[in-house]
Amino acid sequence: AQRRCYSAIKKDDVISIDGVDYKTDGWTNVPQSILDLTGRKLHLRKDHPIGILSNLIKNKFDKKEYTFYNNFKPVVTTFENFDVLDFPQDHVGRSKSDTYYINKDNLLRTHTSAHEYECFKETKTPGYFISADVYRRDEIDRTHYPAFHQMEGARIWKKGDIEQIKKDLKSIPPVDLVVEDVVRPFDAVDNPKQAHMTDEETDLVGQHLRRTCEVIVDTVFNEAKKAGKLAGSTDPFLNEPLKVRWVEAYFPWTAPSWEIEVWWKGEWLECLGCGVVRKVVLDNSGVDNSIGWAFGIGLDRIAMLLFGVPDIRLFWSLDERFSKQFKENTITNFVPYSKYPGTQRDISFWLPKSVENSAPFHSNDFFEIAREFGGDLIENVSIVDEFTHPKTGKSSKCYRINYQSMDKTLTNEQVNEINEAIRKALTERFEVELR
Ligand code: FA5
Ligand code: MG
């Protein structure tokens, strides 16, 4: 019974997070239900799948080479999250439909890369790792939740120190993977090497980066296969060698850039983005005459596979049938407990006609109102119909909400109460006309 009803945070108010007061403004769009998650710190819990996974990776790396940070506060500036990383002004990640803003200048970090600036500035070791909770306004389903976790890694060398990179490359442990060549996606954007680096430097830094990421993928996914076999699964997939492929990618602050995908039970799973750090970021952070790499890996979807957790929301569950199942440094297969019956409701409405004086409507707005009033009692939300009336020119949308509790049977009355609150908030905030 975790549901609480929250009202949205208002403009010209003050909210206090981690002892710091922030004045809200027209950019504020973070609901209290999301702010509440910032205190959970699942990545620091040694007996929680996210914490266990994060330690599994961390233990693989040398503390003399890498500093480990796990305590950065979730509120960062737009400068740290976007500007310093050279995000274009019109990048979709900056929009209010994708990001939770505290106010115009402060937001909930959307990725651990928001700390590259301070880490490059501060680091005493050649590299560092960061683990943290990150936040994105997103759809709601089995594999998406507005809060998830990332681990970031980075490493730098003095420019021209080719021998050191070669030496470091040799000390990376071997992996048990079949690595496919780099694939260039059909919609590949320009992914050039940087002018200030020689071909040899680019090649060596890229190799060191990819070998390091392969160590992580090997550690995590081969461990998951071992756990599956130990648990008695006879899936032939568990006996095949683990296959990964590199795909060219684009990030505003790295060039060249890649993503690694893992072949997992018949599907390519994207699990990490990385690249050679652009000179502008190192310059911005006061690190000169250096070259290096950075990567960011998403922990939650991997933890789902590793521990056999079927729904990403379970990580946030306070039910002891979930939390008591896991032990420090141990991968065990989640034992499902009974699911309670669910029920669905459709909400259809006409959008307001005069868009000039009302806020444009984005599906994320609907998902968020649903989450605000339904919390974890909503299993997923999908759009089931949208059309424009040929005569009146008015647009209609219909969303379907699946209600299901992970720890009790919901009564019709409880579902109706939440559904009414969602309908009411929709009309009040977006002037829609319910059908
Ligand atoms: C980033 O967040 C970059 N900061 C990664 C990076 C770091 C690139 C350093 C270069 C240098 P991206 O948005 O693709 O990239 O997310 C990285 C990983 O997080 C993805 O590969 C995926 O595994 C995971 N991820 C992304 N969105 C979600 C989500 N909504 N839920 C769960 N995991 C997600
Ligand atoms: Mg991506």
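How far apart do the C-alpha centres of domain 1 and domain 2 lie? In the predicted model, the C-alpha centres of these domains are separated by 33 Å. The domain assignment of the protein chain places domain 1 at residues 14-323 and domain 2 at residues 343-434. Contacts between the domains involve 13 residues of domain 1 and 14 residues of domain 2. On the side of domain 1 that touches domain 2, five residues are nonpolar, three are polar and five are charged.

Confidence was considered for the chain and for the complex. The average pLDDT of the protein chain is 90, and 96% of the residues score at least 70. Residues 1-7 have a pLDDT below 50, and this stretch makes twelve contacts in the model beyond near neighbours in sequence. Where pLDDT is low, predicted coordinates should not be read in detail. For the complex, the predictor gives an ipTM of 0.97 and a pTM of 0.84.

The surroundings of ligand 1 were examined next. Ligand 1 is surrounded by 22 residues, of which His-111, Ser-113, Gly-273, Gly-296 and Gly-298 are the closest. Two or more residues of this shell are given by each of strand 8 (147-158), strand 12 (267-277), strand 13 (290-298) and helix 8 (300-307). Strand 12 gives the most, with six residues. By residue class, the shell around ligand 1 consists of seven nonpolar, nine polar and six charged residues.

An open sheet of three strands, with antiparallel pairing, was also identified; the strand order is 4-6-5. The edges of this sheet are formed by strand 4 (75-77) and strand 5 (101-103). Each of these edge strands has a single partner strand, so one side of each is left without a neighbour in the sheet. Neighbouring strands of the sheet are turned against each other by 35° on average, direction ignored. Strand 5 is joined by two bridges to strand 6 (residues 106-108), and the two strands run antiparallel. Across this pairing, Asn-103 stands opposite Asn-106 in strand 6.

Definitions and conventions. Residues are numbered from 1 along each chain as its sequence is written. Chains are lettered from A and ligands numbered from 1 in the order in which they are written. This is a predicted model: local features need pLDDT of at least 70, side-chain atom pairs count only at pLDDT 80 or more; totals for chains, interfaces and linings use all residues. Two strands pair if DSSP finds at least two bridges between them. Helices (H or I, at least four residues) and strands (E, at least two) are DSSP runs, numbered from the N terminus. Axes are lines fitted to C-alpha atoms, for helices over the stretch in contact, and angles run from 0 to 180 degrees between N-to-C directions. Domain bounds come from an automatic or database domain assignment. Two residues are in contact if their C-beta atoms, placed from the backbone, lie within 7 Å. Ala, Val, Leu, Ile, Met, Phe, Trp, Tyr, Cys and Pro count as nonpolar, Asp, Glu, Lys and Arg as charged, and the others, Gly among them, as polar. A residue is near a molecule or strand if its C-beta atom, placed from the backbone, lies within 6 Å of it. pLDDT is the predictor's confidence in each residue, from 0 to 100.
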